[in-house]
Amino acid sequence: MLLSWLMMKMMDPMIDETTVKMLTEDYKDNPFALLTVAEKMTPRAMIEAAMRAELGKELTRPLGSPVVLSPWNKILLNPRQLFELPTTSTLEISTATVIGPNAQKPLELDIPIMITGMSYGGSLSLQMKMALAKGASLAGTSTNTGESAVTNEERDNARFLIGQYNRGGWLKGPEQLGRLDAIEIQLGQGAWGGAVEEPIAGEKLGEHLRQAWHLEKGQDTGISARMPGKETTQDIIAMVDSMKRQYNVPVGVKIAGSDYIEYELAVIAQTQADFIVIDGAEGGTAAAPPTLEDDLGLPTLHSLVRAVDWLEENELREKFSLIVAGGLATPGHFLKAMALGADAVYIGTVALMAAMQSQVVKTMPQAPPSQLVMYDGQMNDKLDIDKAADHLANFLKSCIVEMKLAVQAIGKTSLNELDRSDLVTVDRDLAEFIGIRYAGSHRRRDIYSELSLEEDLFKNQDVRQH
């Protein structure tokens, strides 16, 4: 109490002086001017300007962009109560999904929420990769290697493991690809604005990671903008088809959403791929330059709608399973994405937040929570793997319970029965773009005729009036 009293006595004169100065001085001598500049530029732009001035190189911001342009909150799901009844019990509602049903060995998951690609070494610590694998397994879903190699630790803890055939060249050959439950050819990423180069200094790599990536001590490596050795679109098509011939698990292609998405899909349509992953601009990553995160790509919602529409218009929707990623964080997001046409969703940042849960106190307030989970995090050895796995599994189970309740209210018996007729929007432009009803327009009266209810409804109204 005494220390607190002394501190306040010392601070009072300074606070008083600053307050008087802000209330009496003209702007040129007033510290309040900094606030007006912050309102003009945004605090983020000011801080990043200072960081650029100090470093003189590109910034690397963790966990994706704060710019969220997908208007999920303007879309609502449609419950049914009287003219059609809710589903009797949530026990009747199926949550299963199948990725690559046409593959020799389809990927059959208990739930449609999957853990996205977050690489060991390039992004996460081995401890967090193990926790994600264990948590996903407890919930009956898959995890993903990201742009890395298959490690024994991740494979042993994962019931279902998807591996990214990546532009770093660290996951290749039958000894690795043959250990996977699905192969995802990574040709772009939302948080990186598509596909760009990313050098990685060998001095930052530990012995375990070097062994996994088959590198010598001190050997530099990195990710290329193009898949190594592939110089044309036809090379990409041939690569996908070759992978499909060699392995009996589903083979897919991951791309970042962009305004050229229909052109990109037209290329994938020429392959024998089993699934497509669309990663919207709101996607996260361990660290990427802010310009790539904030200013490139297409929002997740728009990417998904346009992808589904193109596939349906070209009668290809049944050929490919469709997974969407990029800023999806709540059961509501997941449901709406599925109603728009996704077979499953990928989650990343929110999965990390759920896995860390109260363990963030191990780093805060002295350091950000990322220090607990990143490969180069100063405190990644403090992560309790089993606790993180349990928390992730609980998060996924909680999401599924809420999703089943929503589907019960809608009156359906499976998550994959959701479609655009189950959606309504308060935005007229969004209604036209997606092809769903606008909330400000009335339902046609003849729906009652279709239900043979109109005459009875109006008779009852006449009786009440008399």
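Reader: How many bridges join strand 7 to strand 10?

Author: The count is 4, and the two strands run parallel. Two strands pair if DSSP finds at least two bridges between them, so 4 bridges meet that definition. One example is Ile-183, whose bridge partner in strand 10 is Val-251. Strands here are DSSP runs of type E with at least two residues, while helices are H or I runs of at least four, all numbered from the N terminus.

Reader: What kind of model is this, and what is left out?

Author: The model is predicted: local features need pLDDT of at least 70, side-chain atom pairs count only at pLDDT 80 or more, and totals for chains, interfaces and linings use all residues. Residues are numbered from 1 along each chain as its sequence is written, and side-chain values use heavy atoms, with hydrogens and water left out.

Reader: What is the mean pLDDT of the protein chain?

Author: The mean is 89, and 92% of the residues reach 70 or more. pLDDT is the predictor's confidence in each residue, from 0 to 100. Over residues 457–466 it is below 50, and this stretch has 2 contacts beyond near neighbours in sequence. Contact means heavy atoms within 4.5 Å. Where pLDDT is low, the predicted coordinates should not be read in detail.

Reader: What makes strand 7 largely enclosed?

Author: 5 of its 5 residues are buried, so the rest of the structure largely encloses strand 7. Buried means under 20% relative accessible area; exposed is over 50%, and partly exposed lies in between (1.4 Å probe, protein chains only). Ala-182, Glu-184 and Gln-186 point one way, Ile-183 and Ile-185 the other.

Reader: Which strand pairs with strand 7 over residues 160–165?

Author: Strand 6 does, in the parallel sense, over 4 bridges. Ile-162 has Ala-182 as its bridge partner, and Tyr-165 stands opposite Ile-185.

Reader: Why do strand 4 and strand 5 stand at the edges?

Author: The open sheet has 8 strands in the order 4-13-12-11-10-7-6-5, with parallel pairing. Strand 4 (113–115) and strand 5 (142–144) each have a single partner strand, so one side of each has no neighbour in the sheet. The twist averages 25° from one strand to the next.

Reader: Why is Ile-223 called buried?

Author: Its relative accessible area is 7%, under the 20% limit, so Ile-223 counts as buried. Ile-223 is found in strand 9 (residues 221–223). Leaving aside residues up to four places away in sequence, Ile-223 touches several residues, including Glu-147, Arg-167 and Trp-170.

Key. Axes fitted to C-alpha atoms, helices over the stretch in contact; angles between N-to-C directions.
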